[in-house]
Amino acid sequence: MEVVEALRFIGFNVDRVDGHVWGARIPVRIFRPLIGVFLSASLLLAESLPPDVVVVGAGIAGLTTALEAARGGATVAVVDLASVFGGHAVVSEGGLALVGTPLQEKLGSRDSPDLAYQDFLRFGEDANAAWVRLYVDRSRKDIYDWMVALGVQFDGLSRAPGNSAARFHVNPRRGFGLVEPVYRECQKSGKVTFHWNVRVTRLTQQGGQVNGIEGLHERTGAPFRLSAKAVVLATGGFQSNLELVKANWPETLPFPPKILIGAGINAQGSGLDLARGAGGIVERLDHQWNYPRGLPDPRYPGMNRGLNFLNPLGIFVNRTGQRFVNEVAASSVILKAMLQQPESRGWMVFDSVGRNSILVSGTDWADPKRVDELILRNPNLVHRADTLSQLAEKAGWPTEAFLATIERFNRAVEFGNDLDFDRFNPQNPPSARLGRPAIRPIAVPPFFAAPLYPMTRKSMGGVVVDLECRVLDVRRQPIPGLYAAGEVTGFNGLNGKAGLEGTFLGPSILQGRILGRNLATLADAGQRPAPDATPAGPTKTTVTVDQPA
């Protein structure tokens, strides 16, 4: 920290132009020897005074809550089990489903809140209609505009399955590009402190109100306590806890013999236990958004970690070398089909042209050279061959059956009609469209086959909250002092049973902003925060739905 910023941090009003402290007109150099003393005293004082708000979790929901509360004048302490910020967001593609944005207008994607509202309710089946209405009405102003103001540059748009318009917004820095600006602003606010490597084990209560947390420092074992006027759970989901995943696996699906873990490493469901311990209720844990495109992570051999591996130009084949699904269908459709295949697995097959369209989710996989080195050139992970016959031999498929599969697919591309799985047809041709490259025959060597498995990803059930993010008890009444935001709430039921994609980080940001603004009132008084959101009812409209991509 430079001297001027350090002086500002401890309360001096410093003029950057001439380097003097206003009022006394004393040169900054005079203060240089005292900076350490001043900072130490200031930090000790900050630690001795309880914050207005404690946020458990430094992912996108927790950071957004902290920033909004701090901007409103509240002091905030953020506690996280990890030693860095980011949570699940940094292992994601960083896409946001947003409605009616300038980027959509620029690229010709016609969208509206009413159209998005219908998509959510139809695709999710049992989505929380009130929260859906709130989200689609406010995503432009409260997410897109806000993130742009923080410096995020959205530069791409695509249309995920189930969406009637292209509304999946991406930025070149992926998930990190969303959380880093929020974290940076938290640091600049001067009102947010961070406590790393702390495992929160219990919420404290007095007179029926949650008033703090207790836990342990993971590295030292020392006890940790903080008191506050409000506690926010932003601990993420439970998809890295395989026991919990299996115990709540959807009854309509068989559990696979092998499933990879693709959620944030600390997504263990700790927030669920904390909420229950304070009287909160947890629901719909069987609402899980698991992926069918899990590639074993080469960085962690033998640890069952997975990567979300996508290729819009490839085809899925099973152990017999045959296609078994529309490769661009919704993840829930592909997962169901995969679980019906031998060994509940598949392979993504593509050629050297398709190689250029690979997308591996996660901030650290944005570099194609890294993907090529650690994945495509890894003989222990991906099969590679100069001919299709050699590829079949390496993968262990019946050669004739596999060659017939490729020939049939290539012929379908040539005629523009996939009669097997309707991936493309005369109304939805294989030519390029917004957010999707042209589908081409698999014909240019070398050829590749990447093994894919079911993979855990996101929790769409969790702690029950209302639209103000207050945690509810068994009587559906708010527990004083206790709030929750983000994946620990299952995104407040926004997705129902199926996510439209981009509908996980987006609602986490909106929940955090709503909650943070409400909690900012605690800076001046101890009363319950005033509500921020009153959702409007759905607007009647006639919706024309395009053929899904």
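Select Glu185 to begin: this residue is buried, at 15% relative accessible area. Keep in mind that the model is predicted.

**Stop 1: Glu185 and its partner**

The side chains of Arg71 and Glu185 form a salt bridge, 3.6 Å from N to O. Show the helices next. Arg71 sits in helix H4 (residues 60–71) and Glu185 in helix H8 (residues 174–189), so this pair ties together parts that lie 114 residues apart in sequence. Now compare the two ends by surface. Arg71 is partly exposed, with a relative accessible area of 45%, whereas Glu185 is buried.

**Stop 2: a pair between two loops**

Move to Arg167 and Asp111. Their side chains meet in a salt bridge of 2.7 Å, N to O. Both residues come from loops. Arg167 is in the loop between strand S7 (156–158) and strand S8 (168–170). Asp111 is in the loop between helix H5 (102–107) and helix H6 (113–124). The two are 56 residues apart. Is Arg167 buried or exposed? Arg167 is buried, at 1% relative accessible area. Asp111 has 18% relative accessibility; the cut-off for buried is under 20%, so Asp111 counts as buried.

**Stop 3**

Select Arg202 and Glu214. The closest N and O atoms of this salt bridge are 3.2 Å apart. Arg202 is partly exposed, at 42% relative accessible area. Glu214, at 22%, also counts as partly exposed.

**Stop 4: the network**

Which residues do salt bridges with shared partners join into one network? They are Arg71, Arg173, Glu180, Arg184, Glu185 and Lys188. Across the model, the salt bridges number 39.

**Stop 5: the nonpolar cores**

The largest nonpolar core has 71 residues. Pick out Met147, Phe154 and Leu519, which have the most contacts inside this core. Then colour helix H7 (residues 129–149): helix H7 gives the most to the core, with nine residues.

Centre the view on Phe154. Leaving aside residues up to four places away in sequence, Phe154 touches Leu96, Leu98, Leu103, Tyr144, Met147, Val148, His169, Val170, Asn171 and Leu178.

Note on methods:
Residues are numbered from 1 along each chain as its sequence is written. This is a predicted model: local features need pLDDT of at least 70, side-chain atom pairs count only at pLDDT 80 or more; totals for chains, interfaces and linings use all residues. Side-chain values use heavy atoms; hydrogens and water are left out. A nonpolar core is a set of buried Ala, Val, Leu, Ile, Met, Phe, Trp, Tyr and Cys residues joined through side-chain atoms within 4.5 Å. Buried means under 20% relative accessible area, exposed over 50%, partly exposed in between (1.4 Å probe, protein chains only). Helices (H or I, at least four residues) and strands (E, at least two) are DSSP runs, numbered from the N terminus. Contact means heavy atoms within 4.5 Å. A salt bridge is a side-chain nitrogen of Lys or Arg within 4 Å of a carboxyl oxygen of Asp or Glu.
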